[in-house]
Amino acid sequence: MSITSDEVNYLIYRYLQESGFQHSAFAFGTESGISNNNSGSEVPPGALITFLQQGLQYKEIETHIGENGQEVNCKEGFSLLTPHVCSVKRKAVTEVTPQNAVKRREDHEPMEIPESQVTVLKGHVSEVFICSWNLAYPSLLASGSADSTARIWQIPPGPCGPDTTASIPPPIEMLHMKSPQEKSKDVTTLDWNFDGHLLATGSYDGIARIWTDRGELRNTLARHKGPIFSLKWNKRGDSLLSGSVDKTAIIWDAKTGDVKQQFEFHSAPTLDVDWRDDTSFASCSTDKTIYVCQLGKQKPIATFVGHSDEVNAIKWDPSGSWLASCSDDFTAKIWNMKTDKCVYDFKHHTKEIYTIRWSPTGPGTANPNKSLVLASASFDTTVKLWDIAQGKELFSLVKHTDPVYSVAFSPNGDFIASGSFDKCLHIWSVKDGSLVKTYKGNGGIFEVCWNPTGDKVAACFSTNAVCIVDFRM
């Protein structure tokens, strides 16, 4: 049995209609194309609610079946929106790993990071989606939130903990709406330029903004007609690249704020963009396609087709030789400019892959004698490390119990941090795949990132906070 996205969209469309949300139903039906589909005319009223109720009942029964086949009498509530903690037993979850994958089994318990070694940054009033350390000034950390603000925090050197939290000055706040009465505009992406003096932010209002490191608005870049999901500086610092739901990518003049070129090749929302060098970049989309574009060229210089579902993220390796992509089709693929076919097709994940990251190792990096590694993070709760030289899986990092939204390598490439909606930040050894340290916060994690010196990891939480943990081995 399989369920298609069109079937799910139709049930949602019908639910909106039946609930009286006519405007929402019209917008959703038009955007999804489902309003023109007459194949669901025999679906009974209330079908979505019925399916959800039946699914919830099945899940409740499945959770409470004991080893003897009898149902356990649990008195705790069972809900769609909150995790169920059984009052009688905890159901063991068995991970299924492909035979040709490597599953890590811990030889020792990882070190749990206590709250006494965690600096908690409070100030945002909604979920924090993204954070980024300043490479030139390692004490500066920027964060972006659903509260329509980005903030710059001054983090002192030394150990993390409550005493450090108390000593941190109030952050610089950068407001992304004209008045408090405006509807919140999520800050979806941000990036420091390489000399550390400018911060670029992208927002759900479709506007990119350039700020100084003191929080002063330098430029407002308003050409996109939809939310911006990806924003990157080139290394030279003279251009800014953005990708939007309006299906386009734009290269901006960072000094004047003018559009250098707008690229209108995708047929659906652009989800990610990444520079290859100072004038060329790749973009990916929900249209399943990847384009490589060059400033001044009116057509793509390369087109990569091979994914069978939305392409969520793309990343060039440090040398600009390899392009990695990940998709809702459960695969990660490796491409290069010598062929339009993927060089490697990694198929070991069992659910959508949300993001990918290259290690800061190999040619063109500060760690040239270490092997290049790709990490992929998936909704199947695992992180996988891939050996690019041999095109094979190195380790499957199995500890999370919910989708993994973010991974980040340490500056020396020896460790990798992962953040999940199971509230856990895990730090793993790249050498052997072992879990080294772990911290459990109070909410789901959207983003993790290392500071430039490699002794601190920041994590963005759904509970409006940014937490910083010490990492000293």
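**Exercise 1. Describe the overall make-up of the chain.**

Solution. Among contacts in the protein chain (heavy atoms within 4.5 Å) between residues at least 6 apart in sequence, 47% join residues at least 24 apart. The model is predicted, so local features need pLDDT of at least 70 and side-chain atom pairs count only at pLDDT 80 or more, while totals for chains, interfaces and linings use all residues. Residues are numbered from 1 along each chain as its sequence is written, and side-chain values use heavy atoms, with hydrogens and water left out.

Next, the secondary structure is counted: the protein chain has four helices and 33 strands. Helices (H or I, at least four residues) and strands (E, at least two) are DSSP runs, numbered from the N terminus. Finally, buried residues account for 50% of the 473 residues in the protein chain. Buried means under 20% relative accessible area, exposed over 50%, and partly exposed in between (1.4 Å probe, protein chains only).

**Exercise 2. Determine which residues touch the most other members of the largest nonpolar core.**

Solution. A nonpolar core is a set of buried Ala, Val, Leu, Ile, Met, Phe, Trp, Tyr and Cys residues joined through side-chain atoms within 4.5 Å. The largest has 18 residues, of which Leu 425, Tyr 439 and Trp 450 touch the most other members. Elements giving two or more residues to this core include strand S30 (435-440), strand S32 (456-461) and strand S33 (466-470). Leaving aside residues up to four places away in sequence, Tyr 439 touches several residues, among them Ile 113, Leu 425, Phe 461 and Val 469.

**Exercise 3. Work out the layout of the sheet that contains S31.**

Solution. Two strands pair if DSSP finds at least two bridges between them. The open sheet has four strands in the order S2-S33-S32-S31, with antiparallel pairing. Strand S2 (118-121) and S31 stand at the edges, each with a single partner strand, so one side of each lacks a neighbour in the sheet. From one strand to the next, the twist averages 20°. S31 and S32 are joined by five bridges, and Cys 449 stands opposite Ala 458 in S32.

**Exercise 4. Decide how Cys 131 and Cys 460 are to be described.**

Solution. A disulfide is a pair of cysteine sulfur atoms within 2.5 Å. The whole structure contains zero disulfides. Cys 131 is in none; its nearest cysteine sulfur, that of Cys 460, is 3.2 Å away. Cys 131 is buried, at a relative accessible area of 3%. Cys 460 is likewise buried, at 0% relative accessibility.

Terms used
Axes are lines fitted to C-alpha atoms, for helices over the stretch in contact, and angles run from 0 to 180 degrees between N-to-C directions.
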